[in-house]
Amino acid sequence: MRSGRGWSLLMPAVLLLVIGFVVPVGMLVPSSVHRYVPLVGITSEFTLAYYVRLVTDSYYLEIVGRTLALGAVVTLATLVIGYPVAFFLARTRSRWRNWLTILVVFPLLLNLVVRTFGWIALLAQNGLVNQALQALGLVESPLRLLFNFAGLLIGLTHIFLPFMVLVLIGAIQNIPREVEDAARVLGASWGSAFVRVTLPLSAPGIVSGSILVFVLTISALVTPRLLGGPTYQVMSTLIYDEFLARLNWPAGSAEALSLTVMVLALVFVSGLLGRRAGGRA
Amino acid sequence: MTSAAPALSLRRLRKTFGPVVAVDEVSLDAAPGEFLSLLGPSGCGKSTVLRMVAGLVEPDSGQVLLAGDDITRTAVHRRNVGLVFQSYALFPHMSVFDNVAFGLRRRSVADREARPRVERMLELVRMGPLGARYPRELSGGQQQRVALARALVTEPRVLLLDEPLSNLDALLRDEMRVELKRLQERLGTTMIFVTHDQAEALILSDRVVVMEAGRVEQVGLPEDVYRRPATAFVARFLGRANFLDGVVTASDAGGIVVALREGLSLVAGPARRAAPGQPVRVAIRQENVQLRPEGQSSGLANSFPATVVFHAFAGQAHHYVIQLADGCELQVASSASTPPLARGARALVEWRPDDVIILPGEPPGGGAS
């Protein structure tokens, strides 16, 4: 194919990216460096204060740290829960396979708000989970599962698990079964063949699934807002409040830009790692 | 272990996939150091037999014995057999060296000992300098050699090869055949070779096992299965033959006479169990039919006037279709060095009685093919 035609195939996506992402993000830059004065509005005074406080003020630092930690733990949880499921679905010859795959995707068909309210009902002080734990005698007083890290972790893991599973299924299906057979015939037990052959060869899927879930988690708004309440903030809820509650657009812009830069940096680094892990495959 | 025990012995192996009988009561012995081919069309069960020996498929019934030990229920990774796949199945994330060393490391062979063994094996398959390469950087033939080295370095009790040459182009395939055979002679490893390519099986094997629909049709030396096929399937699968149906009219120690359904009679060499009156199917290989210009008979016992209805030059041979006086058509392949006969030419077809293959016949009126 001539390279000219290759580029023309990319044009619609490039246009969309420029109009829908590069330009708006670019417009955040000027608005993020002006001071906002309550009751007055955005002034023309130049300031980097909104960036500086993100990395110096302990309130904002905690929110940044919490957001990144949440992203990391949710990613790990979906990976640990999702890999066995994906492995089973990629390898099974059961005639139920298509139905089971649909079952994995099924939660996505349900409205996000409804699903999140479901978790509130389950995780509340006198919700089903606490009632069950107390009835079984596992805990004496109800666990706090809402408006904290645990609540967000549970809710977000559930919501993003299908994405991880779908990406992993594709990656695992790409590994020829004969390569695993070869390892076993050569003297590797099932577990050893898995660790030395299957797992490294599914690295590209692990990397892309993890990037996807991480990015979705740290930018999720609805679930953290509903399960975290008004006080347990993450970056996305903070940005939302700056723009719509406090009308502090400069602060919101600075925080949104910082989040975007963090995500881009992360995607770039994991891309490099992924190429090293799976590039030889 | 006694020296008399076969290197590999299959006893009444059977495997079904749902309603399909993939392997039906297959029994076989391979002597130590033997090169045994399983030959058959795709879907005849030959690969399933191989995978049962490797332990990747569990038989429904029957036994697999390796040098006298029953390994039917032994775990795959404890069998110490080698397996080379059609797709090579190299580990794409490991270097050539690590691929070959994989089996030794699983056996906890110390690096100090493993390194020279891997290097020696890579030398043997002429991949010595390429140990640091990755599989995707190799050609098909090179990948093939790595797969062989990887399977052989652990000194397996038997090496199983599942159509290892069929992904190579024709020229490379011829080259690898010779290399494989020389490797086997040098190492003395018992090899079980699965193929659908009859030429490959005949060239490489000490003995050939012809399979069809999950059953063994015939086991024998390459020359035996080619010259004396036991069934019509074997005759048709190995080489190109003309099939004619008839009835035995005379039989003695010197040979038999068969009256063909179409009216002609032909003479064949002595055949067992060919009593007069018995229906038989005769097969005559294309290359055993001699085509001569009219009036130049060489005095063979079977000599019939014929007309050339088709001629094509196929490089090594002239390919003809000729019609006998009774309307029956025969395929003939004659040496490329003979002067060709034009379409429509009158000719003589002749063949020696010993070249007539007598197969079990169908009762008169049965469908001929």
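At what angle do helix 5 of chain A and helix 7 of chain A pack, and how many Å apart are their axes? Let's start there, and keep in mind throughout that what we're looking at is a predicted model.

So, helix 5 of chain A covers residues 112-123, and it packs against helix 7 of chain A at about 140 degrees, with the axes 11 Å apart. That angle makes helix 5 of chain A oblique to helix 7 of chain A. The cut-off matters here, because an angle has to be over 145 degrees to count as roughly antiparallel. The crossing of this pair is right-handed. If you want to find the contact on screen, look for A:Arg115, A:Thr116, A:Trp119 and A:Leu123 on helix 5 of chain A, which meet A:Gly151, A:Ile154, A:Gly155 and A:Ile159 on helix 7 of chain A. Sorted by class, the residues of that contact are 4 nonpolar, 3 polar and 1 charged.

Now stay on helix 7 of chain A, residues 149-173, and look at another partner: helix 10 of chain A, residues 203-219. Here the angle is about 155 degrees and the axes are 9 Å apart. That puts helix 7 of chain A roughly antiparallel to helix 10 of chain A. This crossing is right-handed too. On the helix 7 side of chain A, the residues involved include A:Leu156, A:Phe160, A:Phe163 and A:Met164. Over on helix 10 of chain A, they meet a set that has A:Pro204, A:Gly205, A:Leu212 and A:Leu216 among them. By class, this contact has 12 nonpolar and 5 polar residues, with no charged ones.

Okay, over to chain B. Domain 1 of chain B runs 8-233 and domain 2 runs 240-360. Taken over C-alpha atoms, the centres of those two domains are 39 Å apart.

Where does chain B touch chain A? In total, 19 residues of chain B are in contact with 17 residues of chain A. On the chain B side, helix 2, residues 96-106, gives the most, with 3 residues. The whole chain B side of that contact comes to 11 nonpolar, 5 polar and 3 charged residues.

That same helix 2 of chain B also packs against helix 4 of chain B, residues 140-152, at an angle of about 30 degrees and with the axes 7 Å apart. The two are therefore roughly parallel to each other. Their crossing is right-handed. The contact is made by B:Val96, B:Asn99, B:Val100, B:Phe102 and B:Gly103 from helix 2 of chain B, with B:Val146, B:Ala149 and B:Arg150 from helix 4 of chain B. In class terms, that's 5 nonpolar, 2 polar and 1 charged.

Last bit: confidence. Chain A averages a pLDDT of 91, and 97% of its residues score at least 70. Within chain A, confidence is highest in helix 3, residues 58-91, at 95, and lowest in helix 13, residues 249-278, at a mean of 86. Chain B averages 88, with 96% of the residues at 70 or above. For the complex, the predictor gives an ipTM of 0.82 and a pTM of 0.83.

Which stretch of chain B stays under 50 in pLDDT? That's residues 365-369, and the model has 2 contacts for them beyond four places in sequence.

Terms used: Residues numbered from 1 in each chain as written. Chains lettered and ligands numbered in written order. Predicted model: local features only at pLDDT ≥ 70, side-chain atom pairs only at ≥ 80, totals over all residues. Contact = placed C-beta atoms within 7 Å. Helix = DSSP H or I, 4+ residues; strand = E, 2+ residues; numbered from the N terminus. Nonpolar A, V, L, I, M, F, W, Y, C, P; charged D, E, K, R; others polar. Axes fitted to C-alpha atoms, helices over the stretch in contact; angles between N-to-C directions. Parallel < 35°, antiparallel > 145°, perpendicular 65-115°, else oblique. Left-handed = near helix turned anticlockwise from the far one by under 90°. Domains from an automatic or database assignment. pLDDT = per-residue confidence, 0-100.
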